[in-house]
Amino acid sequence: MKFFIDTANIDQIKEAQDLGILDGVTTNPSLMAKEGITGEENIKNHYIKICEIVDGDVSAEVISTDFEGIVKEGEALAQLHDQIVVKVPMIKEGIKAIKYFSEKGIRTNCTLVFSVGQALLAAKAGATYVSPFIGRLDDISTDGLNLIEDIRLVYDNYMFETQILAASVRHTMHIIDCAKLGADVMTGPLSSIEGLLKHPLTDSGLEKFLADYNKNN
């Protein structure tokens, strides 16, 4: 399972990279705005900065919702760096653009996916990644993990190469459950990844080992 961090915060990206387990980064306009990154050139430069920190894929999202606009933006983003994956919304024009990009060898991440049908269309169009938003489904009293399980079944049935990128991951158990269900990738905050480190028995065991060592040395 690949671990992506969902942020535009450089310090958090560096911290995750230093752990040695980071495979990529996902961002969106909201995350950019949260870090005070505004303006087309500043956003593009920020994407490049992120690519220089991590070794894996960096999803960069288009703003346009029409085919021509998505294609123009996506091609410009793809030219920024080899690690850029163009993030395209799950809409009719987005599916058209994903098909266009796949034929041009430009990798894509189909975002804002909330159903198996949407995931099936994204895979048929040739998306590199599909991003089901499990946390947002949980927010409306729908089990987002069921969606991961159903997409996995459909993709395995037809041997689609599109990778399931579990997005809107909110906490550590989301990661563990997605791993059990066979998601190819997870993307979430640094806190959810670092949560995997924690267990009270690890803490108490280490405390005892150190106490015993200090008694005799």
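Methionine 159 sits in the loop between H8 and E7; helices (H or I, at least four residues) and strands (E, at least two) are DSSP runs, numbered from the N terminus. This is a predicted model, in which local features need pLDDT of at least 70 and side-chain atom pairs count only at pLDDT 80 or more, while totals for chains, interfaces and linings use all residues. Residues are numbered from 1 along each chain as its sequence is written, and side-chain values use heavy atoms, with hydrogens and water left out.

Back to methionine 159. Its phi is positive, about 55°, although the residue is not a glycine. Most residues other than glycine have a negative phi. Methionine 159 counts as exposed because its relative accessibility is 72%; the classes are buried under 20% relative accessible area, exposed over 50%, and partly exposed in between, with a 1.4 Å probe and protein chains only.

Leucine 112 also has a positive phi, near 65°. That residue is in strand E5, residues 108-113, and at 33% relative accessibility it counts as partly exposed.

Next, helix H8. Isoleucine 148 lies in this helix, residues 144-158, and is buried, with a relative accessible area of 0%. Which residues does isoleucine 148 contact, leaving aside neighbours within four places in sequence? They are Pro132, Ile134, Ile164, Ala166, Cys178, Leu181 and Ala183, where contact means heavy atoms within 4.5 Å. For leucine 181, 33 residues apart from isoleucine 148 along the chain, the C-alpha separation is 6.9 Å.

Strand E7 covers residues 163-166, and glutamine 163 is in it. The glutamine 163 side chain makes a polar contact with the side chain of lysine 2, at 3.3 Å. A polar contact is a pair of N or O atoms within 3.5 Å; within protein, one must be able to donate a hydrogen and the other to accept it, and residues adjacent in sequence count only if both atoms are side-chain atoms.

Last, lysine 87. An unreviewed UniProt entry annotates Lys87 as "active site"; UniProt positions are given in the numbering used here, feature names are shortened, and annotations may be inferred rather than shown by experiment. Lysine 87 is in strand E4, residues 84-89. Is lysine 87 buried or exposed? It counts as buried, because its relative accessibility is 5%. Its side chain reaches the backbone oxygen of threonine 27 at 2.9 Å. Beyond four places in sequence, the contacts of lysine 87 include Asn28, Glu61 and Asn109.
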